[in-house]
Amino acid sequence: MDPRHRRISASTVATLALLASVVPTWAAFPDRPITLIVPFAPGGPADTFARIIGEQMAKTLGQPIVLENVAGAGGATGTTRAAQSKPDGYTIMIGHMGTHGAAPAINPNLKYDPAKDFAPIGMIAGTAIVIIAKKDFPARNLMEFVEYVRKNQTKLTEAHGGIGSVAHTTCALLQSIMGTNTARVAYRGTGQSMGDLVAGQVDFGCDQITNVVPQVEAGTIKALAIATAERSPSLQDTPTTAEAGLPEFQVSAWQALFAPRDTPKDVIAKLNDALVKALDDEGTRKRLLDLGSVIPDQTGRTPDALRELVESEVQRWARVLKGTSN
Ligand code: MLT
């Protein structure tokens, strides 16, 4: 019998099947493009981070990372979609302090659990919060702004990225500190709300520094104060809230990558490895730092560090938002 046509024995087949089952998914992953869900409209902080990080991670992973903007409900629509996606590493999402921290405290109809329904991949960056106003807002500094809002709150509109977004959550905190409750306009992200602020259609808001730096450089909006202990090197002329007279408003946000729960550990390890390499890439770092990002150190980049952060943020925002009008 021609040896080339010899039947493969059943035991050989069994051995090959066993081998196939023990070869880590790691080795094969990824063998096709990865979808990165952005739960907000294009042009905002989440979209900006997803583009910068996705571009570099694709080089390491050897497969394209395709962004899919699934906006709505302050990020809950896209986050729910990600939570319900197949846990094979080919659908991941960018989440943040809103979607994976404040959302349970703000949105009683939330269809996901930030801590239970996701496999954390890793932190991308910390983002400071800046109090911003339209260019011709009648205030030269933060205290004049606070006074004007207090006296004219029935005439003013705050713009945000949707109920539960970072912009909405942090400005709910600001308004409770100011003792005001102006009208609010919800957008599908702060990429959109920033457009109307620049156009003077809305009056003020709170946004992540990522979205603010380009506008301040262009002179199209007012940045009244940054809610961090130190000024940002990317906004050197913007005082801290403490310097500007409102020390009690101290808050920062963050952006990170998540996969659906039950995504294999070795796949998460490969995605985390690509993220960490992107954060160490010189060009990527410069783009992130120029936008005022705070890049986590090695210990802050692990999936476990992100898991712990999500658990503590959910508790923190439940406490902070209790009693605020939002
Ligand atoms: C966005 O990307 O539009 C923002 O992250 C929205 C927000 O959460 O404020």
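Mentor: Start with Pro30, which sits in the loop between helix 2 (25-28) and strand 1 (34-38). Helices here are DSSP runs of H or I with at least four residues, strands are runs of E with at least two, and both are numbered from the N terminus. The model is predicted, so local features need pLDDT of at least 70 and side-chain atom pairs count only at pLDDT 80 or more, while totals for chains, interfaces and linings use all residues. Residues are numbered from 1 along each chain as its sequence is written, and side-chain values use heavy atoms, leaving out hydrogens and water.

Back to the loop. The peptide bond from Phe29 to Pro30 is cis, with omega near -10°. Another loop holds Ala73, between strand 2 (65-69) and helix 4 (76-83). Phi of Ala73 is near 55°, a positive value in a residue other than glycine.

Now the ligand. Around the ligand are Phe40, Gly44, Pro45, Ala46, His96, Ser165, Val166, Ala167, Gly189, Thr190, Gln208 and Gln255, each with a heavy atom within 4 Å of it. Polar contacts come next (pairs of N or O atoms within 3.5 Å). A side-chain N or O atom of His96 is 2.7 Å from a ligand oxygen. A polar backbone atom of Val166 is 2.8 Å from an oxygen of the ligand. For Ala167, a backbone N or O atom lies 2.8 Å from a ligand oxygen. Alone, the ligand exposes 260 Å², and the protein buries 100% of that (Shrake-Rupley areas, 1.4 Å probe).

Last, helix 12 (residues 282-290). Its axis is 5 Å from that of helix 11 (residues 265-280), at an angle of about 75°. Axes are lines fitted to C-alpha atoms over the stretch in contact, and angles run from 0 to 180 degrees between N-to-C directions. Helix 11 and helix 12 are therefore roughly perpendicular (65 to 115 degrees; under 35 is roughly parallel, over 145 roughly antiparallel, the rest oblique). Ala278, Leu279 and Asp280 of helix 11 touch Glu282, Thr284, Arg285 and Leu288 of helix 12, where contact means heavy atoms within 4.5 Å.

Helix 3 (residues 45-61) also packs on helix 12, at about 170° with axes 10 Å apart. Helix 3 and helix 12 are therefore roughly antiparallel. Phe49, Ile52, Ile53, Glu55 and Gln56 in helix 3 meet Thr284, Arg287 and Leu288 in helix 12.

How values were computed. A polar contact is a pair of N or O atoms within 3.5 Å; within protein, one must be able to donate a hydrogen and the other to accept it, and residues adjacent in sequence count only if both atoms are side-chain atoms.
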